[in-house]
Amino acid sequence: MSEINSLSRVLQIMLRLLDGEELFLQELNTTYGKHNETIKKDIAIIRNELMHKPLEIQYSRSRRSYKLIGLDEENSGTKFSSAIVVLMVMYGCRGLSAEEVKQVEHFITGSFAPSMQQRLKKFASSYRFHYKPILKQPIFAFIELAFQCITRQQMIRITYTTIYHETQYFDIMPYTLIYDEGYFYLIAEPAGSKRVEGNIFRIDQISHYEVLNEPFTVQQHGTDYFKPGEFANHTFFMHYGESTMVIRLRMRPFIESYFVAKFPVHQLIERGEEWLIYECTVMHGESALFWIFSERHWVELLSPSWLRERVKYFLAEMLDLYRD
């Protein structure tokens with residue numbers, strides 16, 4: 001091959017790597033008429049150019065060859081950004097034990113080239129070091145078991161401790177798993193009872209469990225048809241009732257984004273310069289008061305009237321707490 005300049009040589013080698021070709025050092029020496037050290041410098045230049053990409057040039061000592069790894073992953077750039085987002089959500093939710101966070105981090109970063117793994121770990125190192133889990137005990141084992149029972153429609157016997165430290169025992173038909181505000185929940189129907197309020201089980205409060213050799217059937221139509229996605233959209237702080245209700249609120253424009261983040265099912269009714277009026281649909285009216293009170297005087301509950309009266313009642317109780 002006729003002599004080519006160094007820039008063209010580097011470009012040709014990079015294009016061949018991007019095409020998925022395995023490049024042998026001896027062949028590169030012969031093709032470009034250069035010594036090993038020159039070819040190694042060319043590879044170093046290419047590595048530097050790929051530094052911020054989810055790709056890596058891998059050298060095989062036994063084969064004395066170079067190959068670009070990461071090319072078999074479609075949308076590799078999107079995959080890398082997705083990994084960052086998932087890591088940030090995991091650290092932010094604080095819903096896993098420190099040991100399980102390590103397991104998830106290893107799983108997420110493990111699919112990348114070693115150099116990209118190091119960058120991901122370096123990016124997340126401060127979050128990992130300062131991670132403060134809400135819970136200490138692991139929950140992965142139960143989540144895996146619950147998933148299997150949900151898909152197989154198999155009942156589970158559980159020992160459950162309520163937030164009032166009361167021990168209860170249930171044979172349940174598991175419907176779905178939900179995450180909300182730092183905790184993981186199992187939505188299930190106790191045997192012999194209709195699905196009503198109280199069928200939400202916080203997973204960390206399940207102390208003992210066993211799979212029963214009893215199948216069940218999920219209702220696929222009618223009023224008892226359970227829709228997990230709809231349920232998740234209509235519940236707030238994991239409270240729910242037998243039917244949905246619409247709440248109308250008046251709020252300051254600067255908290256609009258916080259409102260829509262908390263209540264997925266909503267509709268803008270009126271937009272003004274100083275006030276907005278929204279409606280949201282929930283399965284338990286009083287649960288919405290948690291958010292309403294957190295926004296102080298920037299939100300006013302307009303309807304329904306009975307819930308507005310409940311606001312007045314709770315405000316009076318709060319005022320009594322602060323009387324000197």
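Entry 1: I am working with a predicted model.

**Entry 2: α1 against α3.** I looked up how helix α1, residues 6-18, sits against helix α3, residues 36-49. The two pack at an angle of about 65°, and their axes are 10 Å apart. I therefore list α1 and α3 as roughly perpendicular to each other, since angles of 65 to 115 degrees get that label. Their crossing is right-handed. On the α1 side I found Arg9, Val10, Ile13, Met14 and Leu17, which meet Thr38, Asp42, Ile43, Ile45 and Ile46 of α3. Sorted by class, the residues of this contact are seven nonpolar, one polar and two charged.

**Entry 3: α1 against α2.** Next I checked helix α2, residues 25-32, which packs with α1 at an angle of about 140°, the axes being 12 Å apart. That angle makes α1 oblique to α2. I noted a right-handed crossing here. Arg9, Gln12, Ile13 and Arg16 of α1 make the contact with Glu27, Leu28 and Tyr32 of α2. The class count is three nonpolar, one polar and three charged residues.

**Entry 4: the β2-β3 hairpin.** I then followed strand β2 (residues 56-60) into strand β3 (residues 65-69); they pair in the antiparallel sense over five bridges. Gln58 stands opposite Lys67 of β3. Four residues lie between the strands of this hairpin, and Arg64 takes a positive phi near 50°.

**Entry 5: the five-stranded sheet.** I read the strand order as β7-β6-β5-β4-β8, in an open sheet with antiparallel pairing. Strands β7 (200-202) and β8 (206-215) are at the edges with a single partner strand each, so one side of each has no neighbour in the sheet. From one strand to the next the twist averages 50°. I also looked at how β7 is held: strand β6, residues 183-190, pairs with β7 in the antiparallel sense over three bridges. Tyr185 has Arg202 in β7 as its bridge partner. Helix α7 (residues 140-152) packs on this sheet and touches β4 (154-161), β5 (167-180), β6 and β8, with its direction at about 90° to that of β5.

**Entry 6: the four-stranded sheet.** This open sheet has the order β10-β11-β9-β12, again with antiparallel pairing. I marked β10 (266-271) and β12 (299-303) as the edge strands, each pairing on one side only. Direction ignored, neighbouring strands are turned by 25° against each other on average. Strand β9 (residues 245-251) runs antiparallel to strand β11 (residues 276-282), and seven bridges join them. Val246 has Thr281 as its bridge partner in β11. Helix α11 packs on the sheet, touching β9 and β12, and its direction makes about 140° with that of β12.

**Entry 7: Leu307.** Is Leu307 buried or exposed? I located Leu307 in helix α11, residues 305-321. Its relative accessibility is 0%, so Leu307 counts as buried, the limit being under 20%. Not counting residues up to four places away in sequence, Leu307 touches Ile247, Gly285, Glu286, Leu289 and Leu301. I also took one distance: the C-alpha atoms of Leu307 and Glu242 are separated by 17 Å, with the two residues 65 apart along the chain.

Technical notes: Residues numbered from 1 in each chain as written. Predicted model: local features only at pLDDT ≥ 70, side-chain atom pairs only at ≥ 80, totals over all residues. Heavy atoms only, no water. Axes fitted to C-alpha atoms, helices over the stretch in contact; angles between N-to-C directions. Parallel < 35°, antiparallel > 145°, perpendicular 65-115°, else oblique. Left-handed = near helix turned anticlockwise from the far one by under 90°. Contact = heavy atoms within 4.5 Å. Nonpolar A, V, L, I, M, F, W, Y, C, P; charged D, E, K, R; others polar. Pairing = 2+ DSSP bridges. Buried < 20%, exposed > 50% of the residue type's maximum accessible area, 1.4 Å probe, protein only.
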